[in-house]
Amino acid sequence: MFVDKVHVHVKGGDGGAGCMSFRREAHVPKGGPDGGDGGHGGDIVVEADASLSSLIDYRFKHHFKAERGTHGKGSRMHGARGTDLVLKVPVGTIVREYDEESKEAGEVIADLTHDGERVRAMSGGAGGRGNIHFVTSTRRAPAFAELGEPAQEGWIEFEMKLMADAALVGMPSAGKSSLISKISAARPKIGNYPFTTLVPNLGVARSGDLSFVVADVPGLIEGAHEGKGLGHEFLRHIERTALIVHVVDLTGDWEGRDPLDDYRIINNEIALHAEELASRPRIVVANKIDMPGTEEACRKLADMVRADSIAAAGGDEFATSPIDPKLYRISALTGEGVEGLKAAIAVKVHELREAARIEAESREEFEFVWEHRREVRDRRFEVIRLSSDVYRVVGPQVERMVVQTDWDNEEAISFLQHRLKKIGVDAALEAAGAVDGDEIRIVGRAFEFESVRTSEDMFSELDI
Ligand SMILES: Nc1nc2c(ncn2[C@@H]2O[C@H](COP(=O)(O)OP(=O)(O)OP(=O)(O)O)[C@@H](O)[C@H]2O)c(=O)[nH]1
Ligand SMILES: [Mg+2]
């Protein structure tokens with residue numbers, strides 16, 4: 001089976017707890033705080049690996065977790081960092097956020113197009129800080145430490161798209177598999193019945209010094225863009241290819257079709273699948289010229305292609321068009337015209353690669369864009385009024401702060417209250433109508449709202 005889309009649940013390692021400890025020495029009656037920090041939990045990293053050709057590894061295993069950080073200890077001993085978990089995927093995999101409930105993919109985390117390219121898809125939790133961090137001029141002996149931060153977790157989607165330079169598309173039985181077997185070492189099944197090819201085949205073709213990767217995609221039929229036939233899933237693969245090589249069967253063999261209708265239908269399906277594909281560079285091939293009685297269809301098709309080429313260039317005959325004005329006439333059976341077609345594809349692919357290289361150099365790194373957006377989202381919180389005197393605060397960062405607090409420790413709780421105030425939770429509660437004594441709930445905890453604090457400055461010198 002050709003596995004090209006999977007969903008996996010990933011979780012970073014939790015952070016280790018910070019330590020609350022005081023120095024003990026033989027001749028020092030009361031030592032200072034010396035609790036070390038907890039170790040950072042491992043991250044979930046996704047890495048492209050050129051030796052993989054499918055996502056089959058993720059077909060049955062869906063849950064992955066990185067190692068947790070260990071706890072801090074006395075004598076300023078910090079916990080160890082948890083090991084990252086690296087998930088390997090084929091080159092050409094798009095990593096996205098995924099909502100398991102709605103079954104919808106979200107933002108793109110990364111598009112891994114080079115061997116070894118990696119992205120941190122989920123972060124491990126930060127280690128909790130030991131009590132050495134909480135010393136201030138008014139508080140010499142802080143008797144609390146932070147618990148470890150829980151790691152981020154969630155579902156992500158891997159989608160693999162073919163990384164071919166050129167894709168052979170067309171109606172079933174047009175001769176796409178015959179053509180790829182003529183121009184490359186690929187040996188797919190060839191049959192005189194439709195839908196012989198069920199999964200895409202890749203081959204490497206050479207023309208002089210130039211080489212390119214070509215894909216033989218299963219046949220498309222009318223309505224493919226809305227799921228008809230087998231083409232639906234595979235239309236996606238065309239999105240990745242720089243060049244579309246449209247193969248038309250001049251005999252209209254399958255179901256006694258008209259080659260000119262076929263040509264129109266395939267163009268339509270491609271454009272309906274994704275608008276930008278309509279302007280994707282394209283070469284049109286007329287196949288089966290060895291069959292008698294195909295000359296007229298060939299002539300008409302050549303006229304259509306020329307007209308489409310001019311139309312795609314905005315009606316200007318001399319402007320460059322994404323559609324090659326020339327119709328390539330071949331026989332994938334006898335090999336006639338195949339060398340010339342191969343050379344034309346090779347030259348076009350190399351031109352496109354050069355253009356893509358120049359564009360890539362001026363593009364911003366995907367990873368950082370996504371990480372920045374995620375951070376912004378992480379800091380957001382919302383106040384929900386549950387009843388006249390009960391409020392709930394929800395938001396990833398706020399909730400993590402609460403989970404990191406040791407609730408058996410008064411000092412840790414007042415430190416939390418100070419942090420919440422600092423990031424604007426108190427102000428938001430007041431704006432929502434909360435008054436002293438109201439109940440505030442955050443994750444599984446409930447406490448009383450107090451707008452004026454007596455212990456106000458106790459933590460003000462700390463870096464929160
Ligand atoms: N006469 C002639 N027959 C051809 C030519 N190219 C392909 N055929 C025949 O057409 C039939 C279909 O060829 P395939 O290469 O399997 O076609 P395909 O486009 O890969 O078809 P699907 O995989 O079903 O989409 C086979 O019987 C081939 O032998 C050609 O140039 N001339
Ligand atoms: Mg085929």
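Ala, Val, Leu, Ile, Met, Phe, Trp, Tyr, Cys and Pro count here as nonpolar, Asp, Glu, Lys and Arg as charged, and the others, Gly among them, as polar. By that scheme, the shell around ligand 1 holds 9 nonpolar, 11 polar and 3 charged residues. This is a predicted model, in which local features need pLDDT of at least 70, side-chain atom pairs count only at pLDDT 80 or more, and totals for chains, interfaces and linings use all residues. Residues are numbered from 1 along each chain as its sequence is written, chains are lettered from A and ligands numbered from 1 in the order in which they are written, and side-chain values use heavy atoms, with hydrogens and water left out.

Of the 23 residues around ligand 1, K176, S178, F195, T197 and D290 come nearest; a residue is near if one of its heavy atoms lies within 4 Å. Helix α1 (residues 176-183) supplies the largest share of this shell, 3 residues; helices are DSSP runs (H or I) of at least four residues, and strands (E) of at least two, numbered from the N terminus.

| Protein atom | Distance to an oxygen atom of ligand 1 |
|---|---|
| T197, polar side-chain atom | 2.7 Å |
| A332, backbone N or O atom | 2.9 Å |
| G191, backbone N or O atom | 3.2 Å |

The largest nonpolar core has 25 residues, and L179, L243, L341 and I345 have the most contacts inside it. Such a core is a set of buried (under 20% relative accessible area, 1.4 Å probe, protein chains only) Ala, Val, Leu, Ile, Met, Phe, Trp, Tyr and Cys residues joined through side-chain atoms within 4.5 Å. Helix α5 gives the most to this core, 7 residues.

Notes:
A polar contact is a pair of N or O atoms within 3.5 Å; within protein, one must be able to donate a hydrogen and the other to accept it, and residues adjacent in sequence count only if both atoms are side-chain atoms. Buried means under 20% relative accessible area, exposed over 50%, partly exposed in between (1.4 Å probe, protein chains only).
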